[in-house]
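Welcome! Please take a moment to look over the sequence and the model before reading on.

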Amino acid sequence: MATAHEKFMRFALRQAAKAAAAGEVPVGAVVVVGQRVVGSGRNAPIGRRDPTAHAEVVALRAAARRTGNYRLTGATLYVTVEPCLMCVGAMVHARIRTLVFGAAEPKSGAVVSTMRAHESSGLNHRIEVVGGVLEDECRAIIQSFFKARRR
């Protein structure tokens, strides 16, 4: 039986697959309040010509529009890959309660890989972090995308 984290991460994986189909790096994200998805997103910086259109930011924007509030206090953000520094900053400003990610990102991940940005002493908000949810599946979609690109 799948856990709630696995259920929502599968939703994020579907978003990642859509990003890959569009030629974007396959990262997907969903924002959940209670047990309800209030925002979803996938990487789209190429298609949108927007360097900030990471899956997490797209999902946060959608959730803020849907809830009518830029503060997403109590929300959980699910993302297939460990967020970068920009996305961690966006989560702090949105007041995300919990971040759940799949695969670590050793080059630019700012939660456990290159730094622990969410723990910076200057921040006035803390985010609980759960990593490694459906890690193998999340890693596989990224690896297969880049393997195909190298061919």
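The report below covers the sheet, the helices and the cysteines.

This is a predicted model, in which local features need pLDDT of at least 70, side-chain atom pairs count only at pLDDT 80 or more, and totals for chains, interfaces and linings use all residues. Residues are numbered from 1 along each chain as its sequence is written, and side-chain values use heavy atoms, with hydrogens and water left out.

**The sheet**

Let us begin with the strands. Helices (H or I, at least four residues) and strands (E, at least two) are DSSP runs, numbered from the N terminus. Five strands form an open sheet with mixed pairing, in the order β2-β1-β3-β4-β5. At its edges are β2 (36-42) and β5 (128-130), each of which pairs on one side only; two strands pair if DSSP finds at least two bridges between them. From one strand to the next, the twist averages 20°. β4 and β5 run parallel and are joined by three bridges, and Leu 99 stands opposite Val 129 in β5.

**Helices on the sheet**

Angles run from 0 to 180 degrees between N-to-C directions, with axes fitted to C-alpha atoms, for helices over the stretch in contact. Contact means heavy atoms within 4.5 Å.

| Helix | Lies across | Angle |
|---|---|---|
| α1 (4-21) | β1, β2, β3, β4 and β5 | about 55° to β3 |
| α3 | β1, β2 and β3 | about 140° to β2 |

**Helix α4**

Which residues of helix α4 are buried? In α4 (residues 85-94) they are Cys 87, Val 88, Met 91, Val 92 and Ala 94, where buried means under 20% relative accessible area (1.4 Å probe, protein chains only). These residues lie on the same side of α4 because they cover an arc of only 165° around the axis, taken from the directions from the helix axis to the C-beta atoms. They pack against α3 (55-67), β3 (76-81) and β4 (98-103). Just after α4, Arg 95 takes a positive phi of about 65°.

**The cysteines**

How many disulfides does the structure hold? It holds zero, counting a disulfide as a pair of cysteine sulfur atoms within 2.5 Å. Cys 87 is in no disulfide, and its nearest cysteine sulfur, that of Cys 84, is 3.8 Å away. Cys 87 has a relative accessible area of 0%. Cys 138 is also buried, with a relative accessible area of 0%. The sulfur of Cys 138 is 15 Å from the closest cysteine sulfur, in Cys 87, which is too far for a bond.

Definitions and conventions
Buried < 20%, exposed > 50% of the residue type's maximum accessible area, 1.4 Å probe, protein only.
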